[in-house]
Every structure is written in C-alpha cells, then in structure tokens.
Amino acid sequence: MGHMTSFTIQEVARRSGLSEPTLRYYEDVGLVGPIDRDASSGHRRYGDTDVDTLEALACLRAAGVGIDDMRTYLANRIRGREAAAEQRDLLLRHAERVEAEIAAQRVRLEYLREKAALWDARDRGDATAEAETIERLIGVVEVLR
C-alpha cells in the first residue's frame, strides 16, 4: 500500500496562504475535514486532497467569497458537470460584485487625483486650472456619494 503525503498545519498555512486559525476554523465549520490526526501527537495531518481543497478556498477567500458560497462551491465541485450551471452562476455573481467594487474604487481614485490637481493648481497660483478642477470635482463627488 502506498504512503499518502501528509502535511502539518504550518506547511498547509505556508502553501495556502491561510492562517492556522483560519485552517482550524474551516475544519470547525465543515469546509474541510475532518482532518486526520497524527496517532502519537494528535496534531493535524493534512492530505493532498485537503490541501487541494484549501488552496481552492484560499483563492475564493481572496476573491471575497463568503463561507456559505464556499460551501456551495465545494458541493458543486463534487457534483461536477450536473452542477456546472449553478457553479458558473455563483462565480459570475461574485465577478459582478468585484466589478462593482472596482468601479467604486475608480471613482475614489478619480476623486483623489482631482483633489491633488486642485492643490497643484493652488500651488502654482493658476486660478483657471483651479476653477476647472473644482467643476470636475463636483461631478466626481456626486458619483462618490
């Protein structure tokens, strides 16, 4: 019988980018596991499948996906093709959320650049550029709110 590769919680934390408390939490809420334990020490020993699942969860977490949708994602992954449409819709829903976040960040960025341009115009003593920048800022602030 072949020996299965196993990893400590520290190794999995390094590989996945998830903290040790997050790894324990994901086991507690049933996203992974139950994780095998070393017979003598009782320490967690993660297998290849556990690590694969945790790496997928780390990517979902980095994309802002919450626990409930992570659970759905994992269930759909097991179901395979029969869940493909549901999986696609779940991921596209999060993609739309990220797109909205990016749009909001762009407005914040535009506000900061226009504010800097305003102060640059004031620094140069350019009243015309200052007035033009104020007009642009009014539009940006309306979107920002």
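Helix H4 (67-79) and helix H6 (127-144) are among what covers the buried residues of helix H5. Contact here means heavy atoms within 4.5 Å, and buried means under 20% relative accessible area with a 1.4 Å probe, protein chains only. Before going on, the basis. This is a predicted model, in which local features need pLDDT of at least 70, side-chain atom pairs count only at pLDDT 80 or more, and totals for chains, interfaces and linings use all residues. Residues are numbered from 1 along each chain as its sequence is written, and side-chain values use heavy atoms, with hydrogens and water left out. Helices (H or I, at least four residues) and strands (E, at least two) are DSSP runs, numbered from the N terminus.

Back to H5, then. H5 covers residues 84-124, which is 41 residues. From its first C-alpha to its last, H5 reaches 59 Å, close to the 60 Å expected at 1.5 Å a residue; the expected span is 1.5 Å times one less than the number of residues. Its buried residues are Gln 87, Leu 90, His 94, Val 107, Glu 114, Leu 118 and Ala 121. Just after the helix, Gly 125 takes a positive phi of about 75 degrees.

Next, the domains. An automatic or database assignment sets the bounds, giving domain 1 at 1-79 and domain 2 at 94-144. Their centres, taken over C-alpha atoms, are separated by 43 Å. In UniProt, an unreviewed entry places "domain: HTH merR-type" at residues 6-76; such annotations may be inferred rather than shown by experiment. That span is 59% helix and 11% strand, and its end C-alpha atoms lie 26 Å apart.

Now the core. A nonpolar core is a set of buried Ala, Val, Leu, Ile, Met, Phe, Trp, Tyr and Cys residues joined through side-chain atoms within 4.5 Å. The largest one has 21 residues, and those touching the most other members are Val 12, Leu 23, Tyr 26, Tyr 46, Leu 54, Leu 57 and Met 70. Two or more residues come from each of helix H1 (9-16), helix H2 (20-28), helix H3 (48-62) and H4. H3 gives the most, with 5 residues. What does Val 12 touch, not counting residues up to four places away in sequence? Phe 7, Gly 17, Leu 23, Tyr 46, Val 51 and Leu 54.

Last, the sheet. Its 3 strands form an open sheet in the order E1-E3-E2, with antiparallel pairing; strands pair if DSSP finds at least two bridges between them. Strand E1 (6-7) and strand E2 (36-37) are the edges, each pairing on one side only. E2 and strand E3 (residues 44-47) pair over 2 bridges, and Arg 37 stands opposite Arg 44 in E3.

Notes: Buried < 20%, exposed > 50% of the residue type's maximum accessible area, 1.4 Å probe, protein only.
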